[in-house]
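Hello,

My notes on what was found in it follow.

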Amino acid sequence: MKRNEAPAQYKWDFSHLYPNHAAWKKDLAKIVKKLEEIITFKGKLNQITVFKKYIFLDEEIDLIANKMGQYLNMGDIDTTDLSYQELAGIYSNTLSQISSQLAFVAPELKAIGEKTIMTWIKEDSALSAYEYSYRKFFKNAKYVLSERDEEILALVTRSRGVAYELYDLLAYADKKPTFIDYQGTKTELTNSVYSEIMEKSDPLGEQEFRIKTAQLFSEHLVDKKHSFARIYEGIIQHSVESVSLRGYKNTLQASLNNDDVSEEIYASLIKYGRENSHLFVQYNELLKKHFKFKKFYSTDRSLKLVTNIASLDKKYTVEDAKKMIRESLQPLGNEYLTQLELAWSDHRIDYFEDTNKRSGAYSSGGSGVEPIILMNWDDTIGSVNTLAHEAGHSVHTLLADLNNKYPLNSYPIILAEVASTVNEHLLFDYLYKHAESKKEKIYLLQNRIDEIMATFFHQIHFADFEWAAHKMVENNEPLDADKLANLFEQKSNEFGYTAFDKHELQQKSYSWPRILHFFHSPYYVYKYATCIVASFKLYNDVINGHPEYLLNFLKQGGRKEPLAILKDIGIDYTDANVYNGLITKLTEMIDNLTQLLN
């Protein structure tokens, strides 16, 4: 179903945020007025009364900004709708014009000193929620520059950030519909049609058709390969410059610093992923053997081992999915399920795909703004799984908001993927338990193995790629389309892609820009891998009758350092044994699949 055919309740409605753009602009004016008041505090923040006014004004601004940012997500529904891009531009321009006048704040707080400010916070209950924030601020105060230097950086923030916007314009707004001759009909090559071809076309008879389909699907990326390479280089260069100015050792340290993750943990994650990539190879060799391929290409790896299973290989409606997810998450208890119903109530999820809709899925919200979800529903079991995952994010947000004052309700990204992945584990268990045949179990096992591979090995592979790309720029090595394509291929081979043969039609891969996190959130993807590791611990707690451990984790929000919160649930990434649960489970699944196929 295309979005324009969907019932209204399956589409976002942000009228509760703002009835129109004009109302949004009025809130922008409120923010400006509050920021102008903060400007008058210059040289006075060392007075406790002024410091408190600053704290609460800053909170009010942040809450309004969250609401305004949520409204702008509507632009993802149709990336050709320039009105939302215009609002985003107005917001950025307005704040950049005033931000340089606020550059005094961090240096002035630093000058007041940790002892004084922490004493103020401890002696005033109204400020108690800010104890963690300021403890973290002073831990990183050495990276705060002088007032003049902070002012200069603020002045150029807008112009230095334009590369991020260019990516969205090229990847989505400028994308034209692509058509393919499929089953005798000229068909638009949407995400769902692409998936159908990759998964269900004739394994041997349509091998070249899959290669050509993949080339056509990524054609818009290949055609703009030089532009994407230059944009990516610009984004990395921006990071390198900022890191150098502030005195960080490198871009990796700067990105990990906020979560208190060490470079050693990041490096060990990549090392451990690479060392265990033999599981990726083993799994793909299993597929090659089953289909009796002489040559096995990367475009063959999504083929379904079994098809035409009435109970699974069917079109799932949204309501079908909700029913399945509700039943699968029963072990989490009524408190969780109550929040789940709120998370997917009418107009909170925009389900169906459209030509210029942003790809993928995400959940957004918090701090007084109800969470929403963007999806690109394709009626498959994959969409059911995605809904369970994204709903997990939204429930996390709801419970964090309910149990913490601002700003302690806001949890960091490194915690964000944990509980949502627990939902995936529970959904798999539910489906596997209710499987009616051996074929159904094969189907489910293959799906789950693919998902775990994608969340663990693929994300570590991506993390290694972007780390290497950043190091190239840090070493003053220019990037171009060919270098990035070669680097991506090199990293792919290090993580098991040597299992695939190379077809003469398959040229150098320039499709790496499909990973939007490279552009929007550098050094983000490794968190998917660490989170799925933690999720197996909480999953085991739940199935052993202790859902309260998961609920307590969700209620923590961002009360303290994320690694401390994880340690509270028994996760310590400095211990190599932390990965054993995932590797053991994945090995078991591949062994079970092998036995079923035999």
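**Contact between domains 1 and 2**

Twelve residues of domain 1 touch 16 residues of domain 2, where contact means heavy atoms within 4.5 Å. This is a predicted model, in which local features need pLDDT of at least 70 and side-chain atom pairs count only at pLDDT 80 or more, while totals for chains, interfaces and linings use all residues. Residues are numbered from 1 along each chain as its sequence is written, and side-chain values use heavy atoms, with hydrogens and water left out.

The chain is split into domain 1 (3-147), domain 2 (169-177 + 225-305 + 443-597) and domain 3 (315-434); the bounds come from an automatic or database domain assignment. Taken over C-alpha atoms, the centres of domain 1 and domain 2 are 32 Å apart.

The size of an interface is often given as the accessible area lost when the parts come together. Between domain 1 and domain 2 the buried area is about 1100 Å², and carbon and sulfur atoms give 43% of it. Buried area here is the accessible area (1.4 Å probe) that two parts lose on being put together, summed over both. On the domain 1 side, Tyr132, Tyr143 and Leu145 lose the most area to domain 2, together 51% of what that side buries.

Two salt bridges are counted between domain 1 and domain 2, a salt bridge being a side-chain nitrogen of Lys or Arg within 4 Å of a carboxyl oxygen of Asp or Glu. Elsewhere in my list is the salt bridge of Arg135 and Glu561, at 2.5 Å from N to O. Helix H6 (residues 131-139) gives four residues to the side of domain 1 that touches domain 2, the most of any contributor. Helices (H or I, at least four residues) and strands (E, at least two) are DSSP runs, numbered from the N terminus.

**Across the whole structure**

The salt bridge count comes to 36. One of these joins Glu188 and Lys2, whose closest N and O atoms are 3.9 Å apart. Glu188 is in strand S2 (residues 185-188) and Lys2 in the segment before helix H1 (21-39), so the pair ties together parts 186 residues apart in sequence.

A search also finds 45 aromatic pairs, meaning rings of Phe, Tyr and Trp (its six-membered ring) with centres within 6.5 Å; planes under 30 degrees apart count as stacked, over 60 as edge-to-face and the rest as tilted. The ring centres of Tyr266 and Trp467 are 5.4 Å apart and their planes stand at 85°, so this pair is edge-to-face. Tyr266 belongs to helix H15 (residues 263-275) and Trp467 to helix H21 (residues 438-474), 201 residues apart.

Regards
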